[in-house]
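Here is a walk through a two-part structure, one region at a time. Keep the 3D view open and turn it as you read.

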Amino acid sequence: MYTQAMDTMGKTDAAEPKKPVRSAEDVAREARFEARIDAGDFIEAKDWMPEHYRRTLVRQISQHAHSEIVGMLPEGNWITRAPTLKRKAILLAKVQDEGGHGLYLYAAAETLGVSRDQMLEALHTGKAKYSSIFNYPTLTWADVGVIGWLVDGAAIMNQVPLCRCSYAPYARAMVRVCREESFHQRQGFESLLTLMQQGTDAQRAMVQDAVDRWWWPSLMMFGPPDADSPNSEQSMRWGIKRISNDALRQKFVDATADQAKVLGVTLPDPDLKWNDARQSYDFGAIDWDEFWRVVNGDGPCNRERLAERVKAWEEGAWVRDAALAYANRQALKEAA
Amino acid sequence: MSDTQKTEGSARAPTEARGEWPLWEVFVRSKAGLDHKHCGSLHASDAAMAIQMARDVYTRRQEGTSIWVVRSEQIVASDPAEKDAYFDPMADKVYRHPTFYALPKSVDHM
């Protein structure tokens, strides 16, 4: 799944004091680092890197990981109510994948010197963000299909360029994620197509309703407009980000508008129309106030999602402790 | 090789918070006859759990027929800061490659 332009959310970072003086050695190291970036080199975990590069990556990768893990909740909501055994098995596999993607990404972030527990602490206290899309509810079965088609579709657009991220452990994790992700989008579209082509009028209306609710939040997944993404330029410069928010969003709209026709649904945007001169679809204005409200904690499900994560973590504490105590005792026995 | 192991002279090793399960590096053999290849890392309380989790995390689509796990702290690695000095001496020894030797066409498949 599922990053969005997390680089806009580092408000705490902005407050951190900048180091006033850099040694000559640091300046030389930084020049060598910049030269490697310019040459298209990958940066590995143990290579020297500027502190700001490290911090930007820790923030982005950990928030990406949190998004995968929190992203299990809206769909997990439907596992017990999937309409057939086949759909249930598919959904289980998909949700398990999201958990796996979270783990690849936490591991990639850990190579930068932050611990798993520190990252979870940041999530649980609300200091770290996750993708705003998961703060919307899954009201009907059609939502599961629409999440696959639109949300995973948007995520893939976002993630494919990250396979070429300059930070190699992140890039390697993304290669694995992208390889597994395409089934997510296809199963969603196929599920919706089945409802549209073989379903009842009520089922078709259910699909349209789900599309109406998820379309705009999906467009928001690409993050604020380029003009309002002050950190993007540095991330582009460092090869952490390869394509701008607006360019990716346009690419998504162009791909999706045609898919909607195949599906037989209407995208809820009266301004959506083909622009022959641009060879792209024009589309209407996005409600950025809603985006920021959801990012800053006031979406429909923010409190519920976070509470569920914290509850799972706290109620699992005794299991983690017991497993560690058992391992320690076994090690002692073997040593004796 | 691994991203998370300690390295002599490395700038920073991952901090392991108290009570956190130790970190393991995972190596998977994708099919018989091939090498085990590093594919990532995970936290587990002991070796048996590490193997089981590696199966669940890294081989959900038949990517493996065999798994190795090793505690990350047990891996010793060369120092990336010394990379140039350490590996450069091999750069000027072209005579170690078969292509260095020009032979008549009739026997060049040798």
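Let's settle one term before anything else: a residue is called buried under 20% relative accessible area, exposed over 50%, and partly exposed in between (1.4 Å probe, protein chains only). What you have here is a predicted model, in which local features need pLDDT of at least 70, side-chain atom pairs count only at pLDDT 80 or more, and totals for chains, interfaces and linings use all residues. Residues are numbered from 1 along each chain as its sequence is written, chains are lettered from A and ligands numbered from 1 in the order in which they are written, and side-chain values use heavy atoms, with hydrogens and water left out.

Start with the charged pairs. A salt bridge here means a side-chain nitrogen of Lys or Arg within 4 Å of a carboxyl oxygen of Asp or Glu. Over all chains, that rule gives 29 salt bridges. One of them ties R237(A) to E34(A), with 2.8 Å between the closest N and O atoms. Those two come from distant parts of the chain: R237(A) belongs to helix α10 (residues 232–237) of chain A and E34(A) to helix α2 (residues 24–38) of chain A, 203 residues apart. Helices (H or I, at least four residues) and strands (E, at least two) are DSSP runs, by the way, numbered from the N terminus. Are the two partners buried or exposed? E34(A) has a relative accessibility of 17%, so it counts as buried, whereas R237(A), at 39%, is partly exposed.

In helix α9 (residues 201–220) of chain A, R204(A) and D201(A) are about one helical turn apart because they are three residues apart. Their side chains meet in a salt bridge of 2.9 Å, N to O. D201(A) is exposed at 60% relative accessible area, and R204(A) is partly exposed at 27%.

Why is β1(B) described as largely enclosed by the rest of the structure? Because six of its seven residues are buried. Two strands pair if DSSP finds at least two bridges between them. β1(B) pairs with strand β2 (residues 36–43) of chain B in the antiparallel sense, over seven bridges, and E25(B) has S41(B) as its bridge partner in β2(B). Six residues lie between the strands of this hairpin, and G33(B) there takes a positive phi near 100 degrees. β1(B) also runs antiparallel to β3(B), joined to it by six bridges, with W24(B) standing opposite R71(B) in β3(B). As you look along these strands, remember that side chains in a regular strand alternate between the two faces of the sheet.

Next, the place where the chains meet. With contact meaning heavy atoms within 4.5 Å, 28 residues of chain B touch 33 residues of chain A. Four salt bridges are counted between chain B and chain A; E180(A) and R61(B) make a salt bridge at 3.6 Å, N to O. On the chain B side, β2 and α1 each supply at least two residues that touch chain A, and α1(B) gives the most, with four residues.

Finish at R60(B), in the loop between α1 (47–58) and β3 (66–71) of chain B. R60(B) is buried at 19% relative accessible area. Leaving aside neighbours within four places in sequence, R60(B) is in contact with several residues, including D97(A), H101(A), E180(A) and R55(B). A polar contact is a pair of N or O atoms within 3.5 Å; within protein, one must be able to donate a hydrogen and the other to accept it, and residues adjacent in sequence count only if both atoms are side-chain atoms. The side chain of R60(B) has such a contact, of 3.4 Å, with the side chain of Y104(A). A polar atom of the R60(B) side chain also lies 3.1 Å from the backbone oxygen of V57(B).
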